[in-house]
Amino acid sequence: MSVNAPRHADGLVDLRSDTVTRPDAAMRRAMAEADVGDDVYGEDPTVRRLEETAAALFGKEAGLLCPSGVQCNLVGLMSLATRGTEVLVEADAHLVNYEAGAGAMFAGVQFRTVQAPDGLFDADLVAAHIRPDHFPLTATSLVAIEQTHNRRGGTAYTPEALAAIGATVREAGLPLYMDGARVFNAVEATGSTTEEQGRQVTALSFCLSKALGAPVGSVFVGPADVVDAARGWRRRLGGAMRQSGVIAAAGLVALEQGPGRVAQDHEHARMLYDAARAVLPDDHPIAPPTSNIVYVDGVDAPAIVAGLRERGILAGSMDPTTLRMVTHRDVDTVGITRATDALKTVLAS
Ligand SMILES: Cc1ncc(COP(=O)(O)O)c(C=O)c1O
């Protein structure tokens with residue numbers, strides 16, 4: 001199979017996650033040809049180019065390439081929050097649910113979790129839950145948001161909502177961190193810009209290896225002093241890499257090509273939703289997708305996953321009654337059409 005072949009060329013349409021994408025030929029070529037050096041000495045020109053490009057895109061002073069989104073989140077907590085304080089975060093956030101307790105263990109913070117509709121805070125909710133630094137209260141030292149919100153189905157903050165939260169958090173004198181693993185999906189879904197996203201937060205991170213399709217890596221961007229601190233924490237966590245220009249080279253291709261094509265993933269998500277809507281009873285509540293994540297609630301999810309698997313479609317279940325499908329660059333319209341046909345058959349039975 002060619003390195004460029006879409007996933008369904010080997011018989012499977014993989015909709016379990018957008019993390020399953022594989023580097024295409026342009027990325028592999030860029031990796032092979034990358035100019036590299038020792039990045040711990042600050043001497044890898046390709047890493048520098050990626051970090052500078054990412055920072056400029058979001059209107060920030062500096063950037064830091066990390067091996068993963070989880071490590072970006074962790075260095076974000078370590079450089080922005082204060083040990084022994086609270087981080088205000090939505091209850092279904094990745095930070096809280098899927099990072100194996102890293103924030104508590106390494107950053108020494110406790111999460112103040114607040115459930116928000118669709119996983120999205122609003123300014124009033126944030127203001128109501130910030131705790132002052134007034135002994136013996138556990139003070140809030142950081143507010144964290146997720147863009148798009150993974151566990152709540154790829155929902156996104158509009159630029160207006162983001163601006164209102166940004167203003168509230170600034171007024172409280174606190175930093176605001178965005179886990180922007182899928183921020184490019186949010187930019188597309190809300191008609192926003194990367195600059196607008198960056199302006200409202202102190203720092204953010206985004207994943208090169210999800211919608212953008214690179215094999216490895218996430219980038220943390222923010223003010224120079226915060227990124228310097230994050231660089232120190234990355235080192236202590238063992239995440240400082242040497243000739244990581246080979247990773248950055250694929251990341252640069254991903255940054256150049258990826259954002260322009262996520263609209264297609266959103267269209268594909270809509271096709272999956274339409275297929276489900278077409279066969280489910282009218283009163284079966286399912287929400288249209290905001291971006292590239294489709295949830296079908298109120299179904300026998302393991303049975304549907306098994307039925308789809310028999311037809312060469314890989315999907316996931318969030319829980320026993322919620323089916324999850326995620327669109328991405330390695331599934332084209334032919335693959336999605338196969339998936340919609342299979343989904344209709346399995347849901348109808
Ligand atoms: C919202 C969000 N943040 C962070 C991450 C972590 O990324 P990684 O698994 O690459 O470390 C993910 C991964 O799915 C995610 O969905």
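**Backbone exceptions and exposure in a predicted model**

Modeller: In this predicted model, Asp118 has a relative accessibility of 45% and counts as partly exposed.

Biologist: Why is Asp118 called partly exposed?

Modeller: Buried requires under 20% relative accessible area and exposed requires over 50%, with partly exposed in between. The 45% of Asp118 falls between these cut-offs, and therefore Asp118 is partly exposed.

Biologist: Where is Asp118 found, and what is its phi?

Modeller: Asp118 is found in the loop between β4 (110-114) and α6. Its phi is near 60°, a positive value in a residue other than glycine.

Biologist: Which value makes Ala100 count as exposed?

Modeller: Ala100 has a relative accessible area of 77%.

Biologist: What is the phi of Ala100, and where is Ala100 found?

Modeller: The phi of Ala100 is near 55°, which is positive although the residue is not glycine. Ala100 is found in the loop between α4 (94-97) and α5 (102-107).

Biologist: Is the peptide bond from Phe135 to Pro136 cis or trans, and what is its omega?

Modeller: That bond, from Phe135 to Pro136, is cis, with omega near 5°. Pro136 is found in the loop between α6 (123-129) and β5 (140-146).

Biologist: What omega accompanies the cis bond from Gln147 to Thr148, and where is Thr148?

Modeller: For the bond from Gln147 to Thr148, omega is near -5°. Thr148 has its place in the loop between β5 and α7 (159-171).

Terms used. Residues are numbered from 1 along each chain as its sequence is written. This is a predicted model: local features need pLDDT of at least 70, side-chain atom pairs count only at pLDDT 80 or more; totals for chains, interfaces and linings use all residues. Side-chain values use heavy atoms; hydrogens and water are left out. Helices (H or I, at least four residues) and strands (E, at least two) are DSSP runs, numbered from the N terminus. Buried means under 20% relative accessible area, exposed over 50%, partly exposed in between (1.4 Å probe, protein chains only).
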